[in-house]
Amino acid sequence: MSTRKIFHVALKDVCLIFRDRSALILMLLAPFLLTIGMGAVTGRFSGSSTNSGIADIPLTIVNADAGQLGDALVEMFTSPDLEALLDSTISTDLSAARAAVDNDESAAVIYIPAGFTDSIIPSPQRSAPPELVQVEFYANPTRPTSSGIVRTILEQFLSQVEIGRISGEVTVTQLLANGYIDPAQAAAVGTSIGQQMVQSSGSTSSIKLINVTEGGGEVEFDTLAYIAPGMALMFLMYTVTYGGLLLIKENRQGTLARMLISPTTSAQVLGGKVIGIFLIAMAQLLILIGGTSLLFGLKWGDPLAVLVLVFAAAFAATGWGIIIAAVFKTPGQVGSVGSALMLIFGLLGGSFFDVSSLPGWVQIISKISPNAWGMEGFLNLAHGGSIVSVGTPVLALLIMGAVLFCAAAFWISRRGLARK
Amino acid sequence: MPPILELHDLVKKYGDFAAVKGISFDIKEGEIFSLLGPNGAGKTTTISVLSTLFSPTSGDATICGHSVTREPMEVKRCIGVVPQELALYEDLTAQENFNFWGSMYGLSGKALSSRIDEVLEQIGLTDKARQRIKTYSGGMKRRVNIGVGLLHKPRLLFMDEPTVGIDPQSRRAILDSVKELNRQGMTVLYTTHYMEEAQELSHRVGIIDHGELIALGTQAELTRQVQETDTLILHIGENEDPQALIDALKDVPGVLRITPTNHEVAIVTPSAEELIAPVVTRADRLGIKVHSIDIREPNLEAVFLHLTGRALRD
């Protein structure tokens, strides 16, 4: 089979799409502008010293606990380490704090109920098991990123507290069982371990927005490294849908039939169309990556790994473009389904917010989108990961693309490439 | 010399609908053969099967000695196709279109570029070759559409209604180019629903209707079928009742058959001139105003009317 004809078909498609101004606007300009817009909203271009793009998250803490753990939690959220990231306010009025969230004046409220410390560190005088007291987190749904950050810090604190509590219990039990202490000393030892836990959980060293690379060096995370791939991957779906649309349009305008009545096989024509879409998708991602690197100094990570990931993402997305063109008949249907998929995959794939805040089953469903795997790979690289760190996403994307190509080929072989 | 195209009992069905119902004919090398019929008669479906785009439901065709079902690649190399629609890329220039389509026929390098220059000259668009197709007039696009079909110098050229929707000047240019291509030795299968085009171009004509070949032969052979009858066409007003006029004219001596068409009544008669006076008198008695009268001597339109009872444009 002559590969020259395949490349002639592919290059013709690339040429056609790069002459379509409206397509270029949506392929390149729209993701670029949205990246700039979202970067501006998150403060990426404001020159913040943290370079995280997110700063001064308004937070209210209502501490009704008179114990050490409540104080430690407040101390952590108001510590100098988090001063640039959080704008914490201490309040005693829970209703007013919640109202501030409802009025979008605050990203979240952390309510530490009375007895929180006692529920974790029992006093030596008490013999009965402590009653369970839970810290309440009241989040602002219109600020998912900010409230997500606060929640992550809170969860980290509580997780350290829980680890300390369990290790304390185990320690005291073992000391008792081995006869190193008697029951009368147990409460004092437990309290001592609790004191150490308070000091440990109050430390904020582990929750700075600094990532450590595999080589041990530190990498500051750039918000744009989340936004830019999100937008690029979302609009990648537009591009592949447009490529699929070209196949339907060619069928309608008679150029597909004309190709098929030339001494060219259906496989050559289809192969050319697929490679054309793939090349356009690759070009789009590489142009966006190059543009954001040059204009905003965005570090995408190891260039070879980025290239491998771009290849895999473009391959999987092309599979989606071809299957849409194979299954649906009219340009209207392809356009509608493509737009819907672009948005759904954009949402599920994490182009707008971190999907780890969504329920588990949604996170599983999100894996059908090239966006989710692509985002995982790009974020790994932005956090300083090497080519090994994108192994799983790349493999998943290649499998996705292969499965979609097989399905599309089966579908097309059943009803023929040209349709009456 | 064996025919360049032989069609044997070709059937093409789409589900339960039979678009072509077992047609057979052949085309000799060097002929212009017209397939004449109204829209939806099965002309384009026949061309699609002959050009290997769709497989026949049954039957077969041999082109340049190769079966369209068993040796489609050999058939494709022998034929050129000018489709009814403008199968061109509007965002590419004529030159780029020719480059692309030439490469689909295996042409490349200097052979391709010199052939493109020849075709551009042939269709008279050398000076516009670097303009995008979307800036062309309808006639210019039609010429490029034809040019693409000529790039690889096919032995047999299929032209599917190439003059649909263009101005008279471009139409004349296309008809002249078909004659010139034939003069240079190219065999042409030309489909049309314009009787005048088939009459002007064709050595032989096949008349197709509802997927069936209802007549085949030279123009003289076909018109002989209508037994040297004339057709008298009465043009009546939009508000007149053609059926009332038909009823009144049935028993006029010399009327062989009367058929209504759009605001017209067609009367088949051995002598149209002798029939004018009695027909006009009867119409006058009924109060039906006859705006004008045409006399048509036997032609392919009359043959179609004779065979189907309908006009070609119905």
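This is a predicted model: local features need pLDDT of at least 70, side-chain atom pairs count only at pLDDT 80 or more; totals for chains, interfaces and linings use all residues.
Two strands count as paired if DSSP finds at least two bridges between them.

**View 1. Strand β3 of chain B beside strand β9 of chain B.** Here β3(B), residues 32-36, runs parallel to β9(B), residues 204-209, and four bridges link the pair. That clears the cut-off of at least two bridges, so the two strands pair. To find your way around, look for B:Leu36: its bridge partner in β9(B) is B:Ile207.

**View 2. Strand β3 of chain B beside strand β8 of chain B.** β3(B) also pairs with β8(B), residues 187-192, again in the parallel sense, this time over five bridges. A handy landmark is B:Phe33, which sits opposite B:Leu189 of β8(B).

**View 3. How β3(B) is covered.** Five of the five residues in this strand are buried, so β3(B) counts as mostly covered. Both of its faces are covered. On one side you'll see B:Ile32, B:Ser34 and B:Leu36, and on the other B:Phe33 and B:Leu35, all of them buried.

**View 4. Helices α11 and α12 of chain A where they cross.** The axes of α11(A), residues 303-327, and α12(A), residues 331-348, come within 10 Å and cross at roughly 145°. The crossing is right-handed. From α11(A), the contact draws on A:Trp320, A:Ile324 and A:Ala325, while α12(A) brings in A:Val334, A:Val337, A:Gly338, A:Leu341 and A:Phe345. Sorted by class, that makes seven nonpolar residues, one polar and no charged ones.

Notes:
Residues are numbered from 1 along each chain as its sequence is written. Chains are lettered from A and ligands numbered from 1 in the order in which they are written. Side-chain values use heavy atoms; hydrogens and water are left out. Axes are lines fitted to C-alpha atoms, for helices over the stretch in contact, and angles run from 0 to 180 degrees between N-to-C directions. A crossing is left-handed if the near helix is turned anticlockwise from the far one by less than a right angle, and right-handed if clockwise. Contact means heavy atoms within 4.5 Å. Ala, Val, Leu, Ile, Met, Phe, Trp, Tyr, Cys and Pro count as nonpolar, Asp, Glu, Lys and Arg as charged, and the others, Gly among them, as polar. Buried means under 20% relative accessible area, exposed over 50%, partly exposed in between (1.4 Å probe, protein chains only).
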